[in-house]
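Subject: Structure for you to look at

Hello,

Here is the structure I promised to hand over. Please open it next to this email and follow along as you read.

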Amino acid sequence: MSRKFLETESPGWVTDGLISEAQRQQLLARYPAEVPAVGLLPLLGSVLVGLSALSVVAANWQGLPAVLRLALLLGSLLGAYGAGTYFLRRGNADLGHGLIGLGLLVFGAAIILVSQLYQLVGYDVSGLLAWVVAGVALSYVYGSRLLVLLTVVIGAGVQTYCVQALGSFSYATAVLVAAGLGYYWWRRPEVVSSTVLSTGLLWQAGLLVLALHAKITWFFVPAMAIYAAGDWQARGNGARALQGPPLVAAYLFMFGLATFGETDAYADVLRPPLLPYLGALGAVFALSVAGKRALGRLNTLLDWLLLLPGFYLPGGLPLAVATLVVLYAHAGSVLARAHRNQDSDQLTVGAVLFVAATAVAYFKLTWAFLDKSLFFLLGGVLLLSLSWYLRRRNAQTLAAAPPAPPVATPDDAAPEPPASTHNS
Amino acid sequence: MADLLTWASDPARRRPLLRLLVAAQVLYVLGVAGAGYATTALGQHIVLATTPVDPRDLLYGDFVRLRYTISEAPLRQWHGEAPPKRRQGVFLLLAPGPDSLATAVGVYPNSPKAGPNQVVLRAWVTDVYRHSLALRFNLERYYVPEASGLRLEKAGRLHPLRVHVSIAPWGQARIARVEEVMVRK
C-alpha cells in the first residue's frame with residue numbers, strides 16, 4: 001500500500017467511521033513519506049559524466065598505448081568494485097550490488113579487450129570461463145538477485161559464443177552454471193532467481209542440442225531434468241518457479257505439434273531413436289516422481305502429460321487427435337487442481353489453456369468442411385460460451401471459498417509468468 | 001563449513017572475500033596481458049603466408065578471417081600410427097622455406113623434436129580428406145584497428161598476406177602482425 005494511496009483514501013475512511021482521525025494520523029505516521037529523491041540527481045550527473053568519459057575512451061581506444069589501455073581497464077574494474085563496497089557499507093544495497101555487477105561486466109570486457117589487444121582470442125574459451133567463475137563466486141558472497149541474473153546471462157552468452165563462433169559446446173561453462181548456481185538455488189530458492197536460472201539453463205540445453213546436431217526433441221531430457229530438480233526442492237515457490245520455464249517449453253512444443261504436426265515433413269527432425277530417448281526421459285520421469293512422492297506433490301504429476309512423445313505417431317490425423325487429447329487433458333488437469341486448491345490464478349491459467357486447446361481443435365478439425373463465415377461464427381460462439389461457463393465456475397469456486405481464502409491478491413500475482421503459478 | 005553459501009555470505013567474511021576475488025580478477029587480466037607480451041618477447045618467430053580468401057568470407061566485424069597455406073597438409077606428412085581423427089590435437093613441424101616463409105615438414109600426434117631452425121606449432125584437425133588434412137591453429141582471426149580492416153580485405157583478395165606469428169616456449173601462438181606483400185610488376 002503506497003503512502004499516496006493512504007493519503008487520498010484515509011479521509012474517506014474517517015468520514016465512513018471506519019477509523020478515527022487519531023488512528024488515521026497513526027497510520028500515516030507508520031508509513032512515512034519517502035525522502036525526496038534528491039540523491040538521484042548527483043547519481044544521474046555522474047552517470048552522464050561517466051558516459052562521456054567512456055565515449056572519449058572508446059573513440060580513441062585503438063590509438064592508446066597498450067599499457068594505458070590495460071591501466072584504464074584495471075582502474076575501472078577496481079573503481080566499480082570499490083564504489084560498490086562503499087555504497088554497501090552505507091546501506092545502499094541496490095546501488096552497491098549494481099556497481100559490483102558493473103565490476104563483473106568490466107572484468108569480462110577486460111578479458112575480451114586484452115585478448116584482442118594481444119591477438120589471443122582465437123578459439124580459446126578459457127578466458128571467458130574465468131568470467132563465469134567470478135560471477136558465481138560474487139553471487140555466493142553477496143547473495144544478490146542481480147548478480148545471479150548477471151551470472152546466468154554471462155553463462156548463456158559465453159555458451160552462445162562458443163557454439164556460434166567456435167562450433168563447440170563448452171561443457172565446463174554448462175557445468176559451472178548448473179552446479180554453481182544450482183547449489184545456490186538449492187539453498188535459496190527465490191522465485192525470480194529460480195525462473196532466471198531455469199531459463200538460462202534451458203538456453204544452454206538448446207545450444208547443446210544445436211551443437212550436437214541432435215534431434216530437437218532431445219532438448220526435453222535436460223529440460224525435464226531441471227524440472228525434476230524442482231520436485232526435490234522443499235520450498236514450493238522456488239520449486240514451481242524453476243519448473244515454470246521447462247513446462248512452458250514443453251507446452252509450446254505440444255501446441256506446435258498440434259498446430260503444424262499433421263504434415264509428416266517435421267517428423268524426421270523430431271524422432272530420436274525410440275529406446276534411448278524413452279529410456280533417458282523415463283529415467284528423468286522416475287526421478288521426478290520419486291521427488292514428488294517424497295514431498296507429497298503427486299497432484300502435479302499430470303504436468304508430465306505434455307512430455308508424451310506423440311511425435312512417434314504417423315503424421316496426419318492420428319497425431320493431430322493425440323496431441324489435442326493431450327492438450328485437453330493437461331488443461332483439464334490444471335483446472336481440476338486449481339479447483340481443488342481454490343486458486344483463482346490457476347483457474348485463469350487453466351481456462352486460457354482450455355480455450356487455446358479448443359481453438360486449435362476447432363481450427364484443425366473443421367476448417368476443411370465449413371464455409372469460412374460459419375467457421376468464425378461457430379468458433380466465436382464456442383469460445384464465448386466456454387469462457388462464460390469457465391468464469392461462472394470460477395466465481396462459484398471462489399464464492400465457496402472460506403472467508404480468508406489463501407488466494408494471492410492480483411498485485412502479487414501479476415508479475416509471475418503464467419506457468420510458474422501452477423502452485424500446488 | 002557445513003554450508004558453503006552461508007559460509008561465503010557471512011558479512012564478516014565479505015570484505016576479505018571480495019578483496020580476494022578482485023585481486024584474482026586483476027591478476028587474471030594481467031596474466032592474459034603478460035602471456036601475450038611474453039609470447040612475443042620470449043617466443044620464436046615465424047612468417048606464414050595466407051591463401052587468397054573469398055572476400056565475402058574475410059571480414060567479420062572487427063576481425064579478419066585468415067586462411068594459411070599450411071592449413072591443408074597432405075596426408076603423407078602424417079607421422080602417427082593411427083589415422084588422424086577430427087578434432088584431434090596435433091603438432092605441425094615447420095621449417096623456413098623459400099622467401100623465409102614457414103612450410104610444413106610433418107604432422108605429428110605427439111610433440112616432435114624440433115631440429116635447428118625448425119618450429120613446432122599446435123594445431124587441431126578440422127577435417128580429414130582422402131589425401132589431405134585440414135588444420136586450424138587458433139590463428140584464424142586477426143583483430144584489426146577499425147579503419148584498416150577494409151584495406152586488408154582488399155589486399156587479401158588480390159594476393160596473399162604475410163602473417164608474423166610468435167610461438168611461446170609453452171606452445172601458445174599468437175599473431176604479432178600482418179603485412180601485405182608488395183606485388184612485383
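Start with two helices of chain A. The axes of helix H9 (residues 191-211) and helix H10 (residues 220-231) of chain A come within 9 Å and cross at roughly 160 degrees. Axes here are lines fitted to C-alpha atoms, for helices over the stretch in contact, and angles run from 0 to 180 degrees between N-to-C directions. H9(A) is therefore roughly antiparallel to H10(A). For the terms: angles under 35 degrees count as roughly parallel, over 145 as roughly antiparallel, 65 to 115 as roughly perpendicular and the rest as oblique. Helices (H or I, at least four residues) and strands (E, at least two) are DSSP runs, numbered from the N terminus.

Who touches whom? On H9(A), the contact uses A:Ser198, A:Leu201, A:Leu202, A:Ala205 and A:Leu208. On H10(A), A:Pro222, A:Ala223 and A:Ile226 take part. Two residues are in contact if their C-beta atoms, placed from the backbone, lie within 7 Å. By class, this contact of H9(A) with H10(A) has 7 nonpolar, 1 polar and no charged residues. Ala, Val, Leu, Ile, Met, Phe, Trp, Tyr, Cys and Pro count as nonpolar, Asp, Glu, Lys and Arg as charged, and the others, Gly among them, as polar.

A note on the source. This is a predicted model, where local features need pLDDT of at least 70 and side-chain atom pairs count only at pLDDT 80 or more, while totals for chains, interfaces and linings use all residues. Residues are numbered from 1 along each chain as its sequence is written, and chains are lettered from A and ligands numbered from 1 in the order in which they are written.

Now a second pair. The axes of H6(A) and H8(A) come within 10 Å and cross at roughly 0 degrees. So H6(A) is roughly parallel to H8(A). Residues of H6(A) that meet H8(A) include A:Leu129, A:Val132 and A:Tyr140. Their partners in H8(A) include A:Leu176, A:Gly180 and A:Tyr184. The contact of H6(A) with H8(A) divides into 10 nonpolar, 3 polar and no charged residues.

Next, one residue. A:Gly84 lies in helix H4 of chain A. Is A:Gly84 buried or exposed? A:Gly84 is buried, because 25 other C-beta atoms lie within 10 Å. The cut-offs are 20 or more for buried, 12 or fewer for exposed, and partly exposed in between, counting other C-beta atoms within 10 Å, placed from the backbone. Leaving aside neighbours within four places in sequence, A:Gly84 is in contact with A:Gly96, A:Leu99, A:Ile100 and A:Gly103.

Then the chains. Chain A has 17 helices and 0 strands. Of its 424 residues, 34% count as buried. Chain B has 4 helices and 11 strands. Of the 185 residues of chain B, 26% count as buried.

How do they meet? 33 residues of chain A are in contact with 28 residues of chain B. Helices H4 (66-89), H5 (93-117), H6 (126-142) and H8 (171-187) of chain A each supply at least two residues of the side that touches chain B. That side of chain A divides into 22 nonpolar, 8 polar and 3 charged residues.

Last, confidence. The model scores ipTM 0.73 and pTM 0.76. Over residues 55-59 of chain B the pLDDT is below 50.

Best wishes

Key. pLDDT = per-residue confidence, 0-100.
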